[in-house]
Amino acid sequence: MSQPFVPQVHGMQTISFVTSFKCGGFAIGISTSHTTFDGLSFKTFLDNIASIASKKPLVVMPCHDRHLLAARSPPCVTFPHPEMLKLSDLPTCPDSNIFEASTEQLDFKVFKLTSNDITKLKEEAKNSSTSGGTSTTCVTGFNVITAHIWRCKALSCEDDNPNRSSTILYAVDIRSRLNPPLPKSYAGNAMLTAYATTKCKELEELPFMKLVEMVREGATRMTNEYARSIIDWGETNKGCPNREVLVSSWWRLGFEEVEYPWGKPKYCCPVVYHRKDIILLFPPIDGGGGVSIIVALPPKEMEKFYGLFNKFLTLD
């Protein structure tokens, strides 16, 4: 769909396109490379664009020193990294890479979790902690949402083998986790993928708190040494994150809060794309509490996902 509108310019890392409407409003579409921006640095980019448009100085002077995330010399991989896969080991099937557009027919659906739904998931986790969890686990909105998505996605797969392992990936900002920390103004990709893994039967049978713990532990695992080990692994092996599903959150990045001279955006959201193994979180269109979740799956899997999504919400 973008081909008639976006010029095919090789080497460009960021392209924007403005569509004006008869009512006087307009939409700005931006395509960028993740090597140029992660979500946090793209928010800084938008803040600076708004400031320039208002004829003001930059809000934040970006730090572009990519050497801060260079591999060590020599590289030193100190942890196993099951969340990563060498490019040479990627299956040849076109749908085997979570970052590649799927060739399958996909249904698209936006699921909504209200503030009450998120609170209910937190309560479910806390109430189940006596049967397998620990009371010290931090039960955050992101953790319970990710755990809820994980069990729905894994149990809706065409392969319904209960002993099949399922691994979920999700982004973690490493700016404050490195030693020394990266500058808050670091512009680039300072996100690495944390992971949680277990068997499908455990996703269905374990107390919900245990799943929330697994998600939390994946983020806790991302220490300075672990992050440096991933970077060194990439230098040595030339690979990428690749597992069953990746959750990417735009939920609290604040794109919709940027104050341009003409006001704040009415809405900010990702463009729908043909990737069945990447699930996106973003703010609800009505501006209220809760979160919207965009899912793309083959029709039969979407039907199962929809049923499980609502079933787990209604469990006492």
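Me: What should I keep in mind about the numbering and the confidence limits here?
Reply: Residues are numbered from 1 along each chain as its sequence is written, and side-chain values use heavy atoms, with hydrogens and water left out. As this is a predicted model, local features need pLDDT of at least 70 and side-chain atom pairs count only at pLDDT 80 or more, while totals for chains, interfaces and linings use all residues.

Me: How many aromatic pairs are there by the rule?
Reply: Rings of Phe, Tyr and Trp (its six-membered ring) pair if their centres lie within 6.5 Å; planes under 30 degrees apart count as stacked, over 60 as edge-to-face and the rest as tilted. By this rule the number of aromatic pairs is 14.

Me: Which kind of aromatic pair do Trp250 and Phe255 form?
Reply: A pair of aromatic rings is described by the distance of the centres and the angle of the planes. For Trp250 and Phe255 the centres are 5.6 Å apart and the planes make 80 degrees, so by the cut-off of over 60 the pair is edge-to-face.

Me: Is Phe255 buried or exposed?
Reply: Buried means under 20% relative accessible area, exposed over 50%, and partly exposed in between (1.4 Å probe, protein chains only). Trp250, at 28%, is partly exposed. Phe255 has a relative accessibility of 7%, so Phe255 is buried.

Me: Which residues form one aromatic cluster with Trp250 and Phe255?
Reply: Trp250 and Phe255 belong to one aromatic cluster.

Me: Where does the charged end of Arg252 sit?
Reply: A charge sits over a ring if NZ of Lys or CZ of Arg is within 6 Å of the ring centre and within 35 degrees of the ring normal. Arg221 lies over the face of Tyr195 in this way, at 4.1 Å from the ring centre. The charged end of Arg252 is 3.9 Å from the centre of its ring, which belongs to Trp251.

Me: Where in the chain are the salt-bridge partners Arg72 and Glu225?
Reply: A salt bridge is a side-chain nitrogen of Lys or Arg within 4 Å of a carboxyl oxygen of Asp or Glu, and the count is 12. Arg72 and Glu225 meet at 3.2 Å, N to O. They link distant parts of the chain, 153 residues apart: Arg72 is in the loop between helix 1 (39–53) and strand 3 (84–86), and Glu225 is in helix 6 (residues 224–237). Helices (H or I, at least four residues) and strands (E, at least two) are DSSP runs, numbered from the N terminus.

Me: Is Glu213 buried or exposed?
Reply: Glu213 forms a salt bridge with Lys210 (3.8 Å, N to O), and both lie in helix 5 (residues 208–220), three residues apart, about one turn of the helix. Lys210 is partly exposed at 29%. With a relative accessibility of 4%, Glu213 is buried.

Me: Which residues are linked in a network of salt bridges with Asp38?
Reply: Asp173 and Arg175 form a salt bridge, with the closest N and O atoms 2.8 Å apart. Asp173 is partly exposed at 23%, whereas Arg175 is buried at 5%. The residues in the network with Asp38 are Asp173 and Arg175.

Me: How many charged residues are in the lining of the second largest pocket?
Reply: On a 1 Å grid over the protein atoms alone, a pocket is an open set of points where a 1.4 Å probe fits, with protein on both sides within 12 Å along at least five of seven lines, and lining residues have an atom within 4 Å of a point. The lining has 15 residues, with Lys153, Cys157, Arg164, Glu244 and Asp277 nearest the centre. Ala, Val, Leu, Ile, Met, Phe, Trp, Tyr, Cys and Pro count as nonpolar, Asp, Glu, Lys and Arg as charged, and the others, Gly among them, as polar. Beside one nonpolar and four polar residues, the number of charged residues is 10.
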